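Open the model in your viewer and keep the selection panel at hand. The stops below say what to select and what is there.

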Amino acid sequence: ERADWSSREACWTLEISHRDSQGQPARYQLRSRFLYLCSGYYSYDQAYRPHFPGEEGFNGPIVHPQFWPEALDYRDKRVVVIGSGATAITLVPAMARSAAHVTMLQRSPTYVVNRPLRDKLALALQRLLPARSAFSLVRWKNILTGIFYYRLARRRPGMFRKRLIEMAASELGPDINPAHFSPAYQPWDQRICVAPDGDLFKDIHEGRASVVTDQIDRITSDGIRLASGASLPADIIVVATGLQLNAFGDIRLGVDGKAVEPAQTMAYKGMMLSDIPNCAMAFGYVNSSWTLKADLTADYVCRLLKHMDQTGMAIAVAERDPEVSE
């Protein structure tokens, strides 16, 4: 719940709350020389969940993916998934395997591309080379490929946008309107979503799923009425509307008796915050693999700790240049 740093002791004091073996609330303290925050970037207790008019009268369950009920049975049911981000694009093909039909209802489109679920080059290199060499080559291949396409998208957004839409249209076939995958924003203004082995496109093309671009007027007893006047019948509604950002897991930070407001700090290498000693956080890339950046951060922290041990230094802190304006 709290993490307080003492420069005099070069140590963190952590206030921990938990439940004991009888399920009763209990508290204790931990002391630590270094704090590595791996709590992610969203709240585990509360999702982003807008209220829709009329939802109290819906006859079926309304589910948020973050709190998925294990007993939910969607076999042979009509499902509407509200959203068009990575969660919705993952859920729709998974549910389409056994649901009667799954509709992805989006307020605005997202760029979606077909990428192989398994990297054939990586598999071949693993057969031919030692594991460490194969891992290094595949890692650099993915890094350089990502850099190339990101820079191309930012330098030639019109051309890149056209190609993404053409690729989606070729996956969907002539009977599906590619406008459902034609966002108003340029590529990489927001993240581009991946459909592994084109599963989403395949389900839409073969009729197990569909995509509707519209806004919600209200939820009715048996579905959703849209702003256009059309209705979507539904037995189950999945609200894939996003997450509540929370980068520190509700930990209250303090340095030498003063409360720290993380939003007022500057980030160093995306992993340390200015003037917060002996503290790092695992955080991923926005436009590439999350684990790739988390891996680099973990490597940096290990090297930093080794350097501190070798030099006998007790404190490592990213100091903000007082001459740099906010």
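**The second largest cavity**

Select Val112, Val113, Asn114, Leu164, Met167, Ala168, Glu171 and Phe201, which line the second largest cavity. A cavity here is a set of points, on a 1 Å grid over the protein atoms alone, where a 1.4 Å probe fits but cannot get out, and lining residues have an atom within 4 Å of a point. The model is predicted, with local features needing pLDDT of at least 70 and side-chain atom pairs pLDDT 80 or more, while totals for chains, interfaces and linings use all residues. Residues are numbered from 1 along each chain as its sequence is written, and side-chain values use heavy atoms, with hydrogens and water left out.

The volume of this second largest cavity is about 30 Å³, a volume being the space filled by probe spheres set on grid points that are joined across faces, edges and corners. Colour β9 (112-115) and α4 (157-172): each supplies at least two residues of the lining. Helices (H or I, at least four residues) and strands (E, at least two) are DSSP runs, numbered from the N terminus. The most comes from α4, with four residues. By class, the lining has six nonpolar residues, one polar and one charged. In this scheme Ala, Val, Leu, Ile, Met, Phe, Trp, Tyr, Cys and Pro are nonpolar, Asp, Glu, Lys and Arg are charged, and the others, Gly among them, are polar.

**The largest cavity**

How many cavities of 30 Å³ or more are there? The count is two. For the largest cavity, select Leu37, Phe248, Leu253, Met271, Met272, Leu273, Ile276, Cys279, Ala280 and Met281. β20 (272-273) and β21 (279-281) are the elements that give two or more residues to this lining, and β21 has the largest share, three residues. The largest cavity holds about 40 Å³ of space. Its lining divides into ten nonpolar residues, no polar and no charged.

Val317 is found in the segment after α6 (290-311). Show its surroundings: leaving out residues up to four places away in sequence, Val317 touches Asp275, Ile276 and Pro277, where contact means heavy atoms within 4.5 Å. Is Val317 buried, exposed or partly exposed? Val317 counts as partly exposed because its relative accessibility is 33%, given that buried means under 20% relative accessible area, exposed over 50% and partly exposed in between (1.4 Å probe, protein chains only).

**The nonpolar cores**

Next, select Val79, Val81, Val102, Val112, Phe181 and Leu200, the residues with the most contacts inside the largest nonpolar core, which has 27 residues. A nonpolar core is a set of buried Ala, Val, Leu, Ile, Met, Phe, Trp, Tyr and Cys residues joined through side-chain atoms within 4.5 Å. The elements giving two or more residues to this core include β7 (78-82), α1 (86-96), β8 (101-106) and α5 (199-205). The most comes from α1, with six residues.

Centre on Leu200: beyond four places away in sequence, Leu200 touches Ile89, Val92, Pro93, Val112, Phe181 and Ala195. Apart from this core lies another, of 16 residues, among them Trp5, Trp12, Phe248 and Val255.

**Strands β7 and β8**

Show β7 and β8 as cartoon: they run parallel and are joined by five bridges. Two strands pair if DSSP finds at least two bridges between them. Val80 stands opposite Thr103 in β8. β8 is largely enclosed by the rest of the structure, because five of its six residues are buried.

**Strands β1, β2 and β17**

Move to β1 (residues 2-6), which runs parallel to β17 (residues 252-255), with four bridges joining them. Ala3 has Leu253 in β17 as its bridge partner. With β2 (residues 11-19), β1 pairs in the antiparallel sense over five bridges; here the partner of Asp4 is Thr13. The β1 and β2 hairpin has four residues between the strands, and Ala10 takes a positive phi near 50° in this hairpin.

**The second largest pocket**

Last, select Asn142, Ile143, Gly146, Ile147, Tyr150, Arg151, Tyr285, Asn287, Ser288, Leu292 and Leu296, the lining of the second largest pocket. A pocket is an open set of grid points with protein on both sides within 12 Å along at least five of seven lines. Its volume is about 200 Å³. α3 (131-155) and α6 are the elements that give two or more residues to this lining, and α3 gives the most, with six.
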